[in-house]
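Notebook open, viewer open. I'm jotting down what I look up as I go.

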Amino acid sequence: MNKGNRIKLTVILPLLSLFLWGSPLLSQERFRKSPPYPEPLAELKLPEIKPSFLTNGLGVAVIQRDGLPVISLKVIIFAGESPSLKELPGMATLTANMLSRGVSYLTASQIEEIIESVGGNFSTYTYPDYSVFSFTFLEEFLDNALDLMSKMMLQPTFLRREIENIKRIMYYDLHEKNKDPEFVAERQLGRLLFRNHPYEKSTFNEDVIKNLNQADLVSFYDRYYRPNNSLFVLTGNINLQTAIRKVSRYFSTWRRKESEHPSLPPLEPYDKEKICLIDLPGAKDATIYLGNIVSPLRGQDVFPFVVLNQVLGGTHTSRLFMNLRESKGYAYYAFSELDFFKNCCVFFVKAKVRPEVTYPSIMEILREIEKITKEKIPSPEIEQAKSYLIGNFPLQIQTFDKLSSRISEIEALGLGEEHWSKYYENIMLVSSERVFEIARKYPLLTPVVVIVGDRNIISDHIQEFEEVFVYNNKGILQYTIKKGEDE
Amino acid sequence: MNKGLISKNRLLILGLFLFLLLGDFPAHGQEKQRLSLPINQYKLGNGLQVILSEDYSLPVVSVAVAYNVGSINERPGKTGLAYLLENLMFQGSQNVSRMQHISFIHRTGGDLNATTTEDKTIFQQTVPSHQLALVLWLESDRMKSLEITAANVEQAKEALIEEIHHRKATEPYFESFLTFDKLLYPNVAYGHPVIGNEADVRDLTVEDVKDFYATFYTPNNAVLSIAGNIDKTKAEQDIRKYFETIQMGQNIPLPPSPTPSDKEATIIAKESLAPLPGFHIGYRIASPYSQDFYPLKIIEYILLRGLTSRLYKKLIIRSRIARSLSGSIEKRKELATFKIFVSSSNEMMAERSKRVIFSEINKLKSSLVSEEELGKAKNIFKMDYLNQYATSADKSVFLAEAFLSKKSLDHLPDELENYLSVDHYSLIRIMRRYFTNEIVLDVKIK
């Protein structure tokens, strides 16, 4: 935004009001002069999430909501990329993708016809900790939808021809994503933060897809696609009894099997700042992802951290955005995020800036983080952030799909009622002091910094860094640039 | 929350075969589909239309203010005004300083959006329900007393010109879409881009902007639509308090009547912006307010919507002669057009794709669509229709748009059924009536 004009405006406005004195514009009603006081905060009634279990161990959670004759169904499998074999990352993703590519008596295209015939949308997501099959359809087709879903879960065919098709699609999809600076930066940040940890497997590139074969997928499926390793989340105008009856009808023959879930090793945060660059020829901007592991973040520390994140970079009125975009004019955007995983959290800042200000932008981001660790955030700012989080929460669960996604995440990561029915209360209790304690407790000032941009443009603007590690987009270290040395 | 730091691999499934028995699926038309959407509507003394729709599922409220103005209301030489004003609506009014509107909404945890199209301008915000009065205060202030100064007009013009440059430089096929619109809509009013022509934008004066605002941004040219968790009595009181004393506008001019379209043309595009050759096909079809529009919408779904639609299957999945396919019915007030755009890896493939499209259109003119295919198209349509009011924000905009479409809101509950009761025979009749004079624009690479 153009800062210059704002300065001019503040000068112009008082003059203008003198000039307009007595004109009809100023003879306005009193109540127009300042914003009205809000009414008392309305109560948010959240339904209880308490899964019921079929005899084969399959969990079913229902959120009854009326208003739309639509049902959102999420089938969670409590296995994501992390249990894929070390030498075969991508296994979980490809397995999940294959379920809609052919089942007994139905080809992939027949499945597609059925999905569209129920007015449906179907998609698959694979995270490090879990996989989700998301199916939204018209409520009158609940039986058809469950029937199809049961065929996908119980009778996938894993035909070689279809595996090759999907491998090709995944390859091109990932290949295309190499042009997307946000994707490239986020993946590289993950590679470095999750180094040698099972989570690293979810940062795979297109080259590994060719290594996967039918036997790997069938074995992954056999191990993890079990009722006692799965949860159904249904949102719509449906009650628990009906849901249980219907789900049992289609899924009671799904055989349970104990799947091993080796416990995940702890993740170590970086204790020294590391600056990395990935060359993306032709990129006009510099995309910066900067973050560290915050681990373990559970219990009392979570909500002060959520508020800290909000103050720093949760929205357009947070410190990073106001500083890097509105005040300095460096950035197109600058936000921070706190991502939850089963075993840790990742706190990171993302910004897209003009390449010539890459260095000062990173310095400015670090300065903002440092400020939070050195000076207590004033109470009004904390209250402002809390009021945002509380006000924004119901907006996040407006659609059936978003509501089910939120519940799925809470259940899959074991976040519990603290992030649901107690969310308001937990946020309300956060104080400036607690945020200050948290800011000093976690390693926020020694992050990994990933810069993605055109090296020819950017390299002149990162010379002040002592050492920059240059990676290719497969995550392989190419060389390092040291201060004062030529490349 | 977890936005999927690392692996969020979403894959759409592509189908390969045409034939499938879907006998299990209930046929439509057996049960009437009525929309259950509580609506209260009334008009203030100054002509402002108010629509209230209560929904107590969450403590959230959405407010949409839609002005019956878009690029078709701009006179030749003054293009870009509607879009420019959308920007200026955030640059301050008598009691709200520059960009404060946005920060007020964000501070509540709320969200906001603004859109300018050819025929309407909509401002929409969603906030926790206890903050409704704040939104009414903000919206009424800019409806009553927008600050239009030389400085902020100049700044908005600069931003708009920058956007025109940016889109021309980065959006593939951008110029070809604009050229196609000129062919389809030869009047300047209907055919020029919403973002305006650069030369016109440069010449806009503060007076032009003030006139446009005074003419169109008036209560009697607007609808205030509120959906969500509201205390109706309190909401009505506040609406009166903030809006009733805003002066009504005078003599709101109507847009010009549209003229027939041209027939065919070819443009040679720059390779950097048009990576592949392709073509646009368009048909001028029935007015969105006519009975014929219902079957036309279903035809759009049969041909274009979804991975199992006829053209997608034929062009992309089975023969792979097209690299991309897009299209839909586009509405500009009384005018509607059926638009298709295809790109192919070379000109020969593009020609083949074009022949396939014409052949599919001819098939629809002569053979009945099967029960299953019609049912599928209607179910996808129904889901899309329902999604128009999935959230309070969607609902507020849906109701505002429904009001601007000039159909009576009393008929709104039956609208969905009007689409779902379309039969096979009406599709043939409609195809024969409207899919006769195609307008074609070929895109060739230099």
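Predicted model: local features only at pLDDT ≥ 70, side-chain atom pairs only at ≥ 80, totals over all residues.

I started with helix H1 (residues 81-88) of chain B, which lies across E4 and strand E5 (121-128) of chain B. H1(B) runs at about 165° to E4(B). For the record, axes are lines fitted to C-alpha atoms, for helices over the stretch in contact, and angles run from 0 to 180 degrees between N-to-C directions. Helices (H or I, at least four residues) and strands (E, at least two) are DSSP runs numbered from the N terminus. Contact means that the C-beta atoms of two residues, placed from the backbone, lie within 7 Å.

I then checked helix H14 (residues 392-404) of chain B, which packs on the sheet and touches strand E2 (49-54), E3, E5 and E6 of chain B. Its direction makes about 30° with that of E3(B).

Residues are numbered from 1 along each chain as its sequence is written, and chains are lettered from A and ligands numbered from 1 in the order in which they are written.

**The sheet in chain B**

In what order do the six strands come? I read E1-E2-E6-E3-E5-E4 in chain B, an open sheet with mixed pairing. Two strands pair if DSSP finds at least two bridges between them. Strand E1 (40-43) and strand E4 (111-116) of chain B each have a single partner strand, so one side of each has no neighbour in the sheet. On average, neighbouring strands here are turned by 10° against each other, direction ignored.

I followed one pair: strand E3 (residues 60-67) and strand E6 (residues 222-228) of chain B run antiparallel and are joined by seven bridges. Tyr67(B) has Ala222(B) in E6(B) as its bridge partner.

**Domains of chain B**

The domain assignment (bounds from an automatic or database source) gives domain 1 (40-243) and domain 2 (264-445) in chain B. Their centres, taken over C-alpha atoms, are 28 Å apart. I found 34 residues of domain 1 of chain B in contact with 26 residues of domain 2 of chain B. On the domain 1 side, E2, E3, E5, helix H5 (174-184) and E6 of chain B give two or more residues each. H5(B) has the largest share, seven residues. That side divides into 18 nonpolar, 11 polar and five charged residues. The classes: Ala, Val, Leu, Ile, Met, Phe, Trp, Tyr, Cys and Pro are nonpolar, Asp, Glu, Lys and Arg charged, and the others, Gly among them, polar.

**Over to chain A**

Helix H9 (residues 302-314) and helix H15 (residues 432-441) of chain A pack at about 90°, axes 9 Å apart. H9(A) and H15(A) are therefore roughly perpendicular (65 to 115 degrees counts as that). Pro304(A), Phe305(A), Val307(A) and Leu308(A) meet Arg434(A), Val435(A), Ile438(A) and Ala439(A).

Is Leu174(A) buried or exposed? Buried, with 20 other C-beta atoms within 10 Å (the cut-off is 20 or more, C-beta atoms placed from the backbone). Leu174(A) is in helix H5 of chain A. Neighbours within four places aside, Leu174(A) is in contact with Asn205(A) and Glu206(A).

**Between the chains**

I noted 77 residues of chain A in contact with 68 of chain B. H3(A) has the largest share of the chain A side, eight residues.

Key:
Parallel < 35°, antiparallel > 145°, perpendicular 65-115°, else oblique. Buried ≥ 20, exposed ≤ 12 C-beta atoms within 10 Å, placed from the backbone.
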